[in-house]
Amino acid sequence: GITIGVMNLSFYQALVRIPLGLAVALEFVGPLAVAIVGSRRALDIAWVGLAMAGIALIAPFRADGAVDPIGVTYALLTGACWAAYIVLGGRVSQRLDAGVAVAIGMTIAALTITPYAIVDGGIEKFASYLLVPCVAMAVLSSALPYALEMKALRLLPGRTFSVLMSLEPVIAALCGL
């Protein structure tokens with residue numbers, strides 16, 4: 001839950017400072033690290049290499065080098081949290097039902113970022129007309145994907161899951177477009 005909260009908060013902080021494609025590309029350092037550490041065969045390394053090449057091809061690195069280092073740091077922190085989520089999620093998925101694991105994890109994630117929301121003034125910015133879209137976004141961007149990921153982590157090794165997650169930058173780039 002803590003890794004989910006910090007991962008999401010740091011990702012959105014990265015988006016304030018750097019382009020979406022770059023943030024998504026950098027956050028994949030975490031899942032790729034899990035894939036590399038868990039790899040035991042040459043074919044695994046080849047898949048990781050292809051994933052890294054694909055991420056590098058879609059990452060919008062600027063020729064002038066004008067990238068906010070704080071944004072890059074937030075994106076890399078997101079990746080570290082994602083790596084922790086994959087490792088810890090694999091263990092949790094073996095002990096708890098996916099729905100229960102996600103409910104507990106999301107509750108802990110919400111409690112983790114609440115102090116930030118209070119200090120940042122996020123609670124005062126709440127508008128009741130946004131409740132339905134916010135709930136929809138929470139379900140579609142977090143609760144449902146995490147529940148499906150818990151089911152996948154129960155069935156797949158972490159390294160395989162990590163390589164499959166490397167498809168997300170392409171989808172994020174298409175969504176951003």
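Tutor: Buried means under 20% relative accessible area, exposed over 50%, and partly exposed in between, with a 1.4 Å probe and protein chains only. This is a predicted model, in which local features need pLDDT of at least 70, side-chain atom pairs count only at pLDDT 80 or more, and totals for chains, interfaces and linings use all residues. Residues are numbered from 1 along each chain as its sequence is written, and side-chain values use heavy atoms, leaving out hydrogens and water.

Student: Is Cys81 buried or exposed?

Tutor: Cys81 has a relative accessible area of 10%, so Cys81 is buried. Cys134, at 42%, is partly exposed.

Student: How is a pair of helices read?

Tutor: Two packed helices are described by the angle between their axes and the distance between the axes. Helices are DSSP runs (H or I, at least four residues), numbered from the N terminus. Axes are lines fitted to C-alpha atoms over the stretch in contact, and angles run from 0 to 180 degrees between N-to-C directions. For α2 (residues 20–27) and α3 (residues 29–38), the axes come within 5 Å and cross at roughly 25°. Helix α2 is therefore roughly parallel to α3, a term for angles under 35 degrees.

Student: Which residues of α2 and α3 make the contact?

Tutor: With contact meaning heavy atoms within 4.5 Å, Ala25, Leu26 and Glu27 of α2 meet Val29, Gly30 and Pro31 of α3.

Note on methods: Helices (H or I, at least four residues) and strands (E, at least two) are DSSP runs, numbered from the N terminus. Angles under 35 degrees count as roughly parallel, over 145 as roughly antiparallel, 65 to 115 as roughly perpendicular and the rest as oblique.
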